[in-house]
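Hello,

Here is the structure I promised to pass on to you.

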Amino acid sequence: MTIYSVIFTISLFYIFLESNCMNKGLENYTKIIISIFIILISTNLQSQRRVKLPTSLNENSGLVFISKDTCFWINDSNNPAEIIQSDYKGNNLLHHKLNIKNNDWEDLTLDEAGNLYIADIGNNALDNKYLTIYKLNKGLSLQDSFVFTYMNPPGEIDNSFDSESIVWMNGKLHIFTKGITKRKYFKSHHYILNPSKFNSTAQYIESIDLKGFVFTGVALSPDMKTLAICAYRYKYVFGFLPDADSKIFFYDVSNNGDTIFSKSKGSMIVPTWFITRQYESIDYQDDTHVLLAAEKTLFLRPLLRRVKVRKHSK
């Protein structure tokens, strides 16, 4: 039995005792409310298992889950150009060096044939219009690379976007811009690249208002019916305490169409409990759980969370 199960059981017993002593007045209600709060926290923690990752994944930005014994990772800019292999808890590390440049690797995805795609699409300064996708075969050798630029969204004259999310779906690469432009508004654009008919311009599909959030990673469920996109936003509690909201957005992609933003399946909060975390890596472990990883902060090691997906989000 885990510590969270123990807390859950004790809290239920506590509520039972208190609810049978209602003649004690308002004090009972306060205790009951506190107990319910404890239960909610323990239940949430049970559904979100956490693992501290090794320092070699301090700036992880992309994750592909293969099995409990095999996961592939990348780190973003100012890190070696390599694929890091581990088990799903970040143990048994293997480093696969690549003879390419890591300008700002931001995501990793896998196609049906087992090829990996590294998305060198980070553009924090918003000054790079030409970005690169690297294709690796099953042996993790470089097979191809594609340089591309974004098509201008309707009504806009700028196409320099910062992006951190890419996924292979329906035989194409889908890219979701982070949601930050030179005008600093939170609007993500959805683009498509078709490697089999490669064009140096990514095709614009649609946009969405993120209402203060930014997209940082994306994953397709094993049954290929749901797309999960992780996001975060910075805010201040009580006007001065910095905090970050983290959220996973879910979209229905079961009809195999290119547009997704009109097919929301809801979202779920990933609580940070006043500890600022920046989640950038996501993949499905199975149809009911996603793995979500955060890079290190000034005081905290990188973290992996196993999050249970709610029923409406499957």
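**What lines the pockets**

The lining of the largest pocket is made up of 17 nonpolar, four polar and five charged residues. Please keep in mind that this is a predicted model.

The largest pocket holds about 480 Å³ of space. Its lining counts 26 residues, and those nearest the centre are Leu110, Leu220, Ser221, Pro222 and Asp283. Two or more lining residues come from each of these elements: strand 2 (60-67), strand 6 (107-110), strand 10 (163-169), strand 14 (214-220) and strand 18 (279-286). Which strand gives the most to this lining? That is strand 18, with five residues.

The second largest pocket has a volume of about 200 Å³. Here 12 residues form the lining, with Arg50, Ile275, Arg277, Leu300 and Leu303 closest to the centre. Strand 1 (48-52) and strand 20 (303-308) each provide at least two of the lining residues. By type, the lining of the second largest pocket splits into six nonpolar residues, one polar and five charged.

**A strand to look at: strand 7**

Strands 6 and 7 make a hairpin with five residues between them, and Gly114 in the turn has a positive phi of about 90°.

One of the residue pairs here is Asp120 with its bridge partner Thr132 in strand 8.

Are the residues of strand 7 buried or exposed? Side chains in a regular strand alternate between the two faces of the sheet. In strand 7, Leu116, Ile118 and Asp120 point one way, Tyr117 and Ala119 point the other way, and all are buried. Buried here means under 20% relative accessible area. Because five of the five residues of strand 7 (residues 116-120) are buried, strand 7 is largely enclosed by the rest of the structure.

Best wishes

Key
Residues numbered from 1 in each chain as written. Predicted model: local features only at pLDDT ≥ 70, side-chain atom pairs only at ≥ 80, totals over all residues. Heavy atoms only, no water. 1 Å grid on protein atoms, 1.4 Å probe; cavity = no way out; pocket = protein on both sides within 12 Å on 5 of 7 lines; lining within 4 Å. Points joined across faces, edges and corners; volume = space filled by probe spheres on them. Helix = DSSP H or I, 4+ residues; strand = E, 2+ residues; numbered from the N terminus. Nonpolar A, V, L, I, M, F, W, Y, C, P; charged D, E, K, R; others polar. Buried < 20%, exposed > 50% of the residue type's maximum accessible area, 1.4 Å probe, protein only. Pairing = 2+ DSSP bridges.
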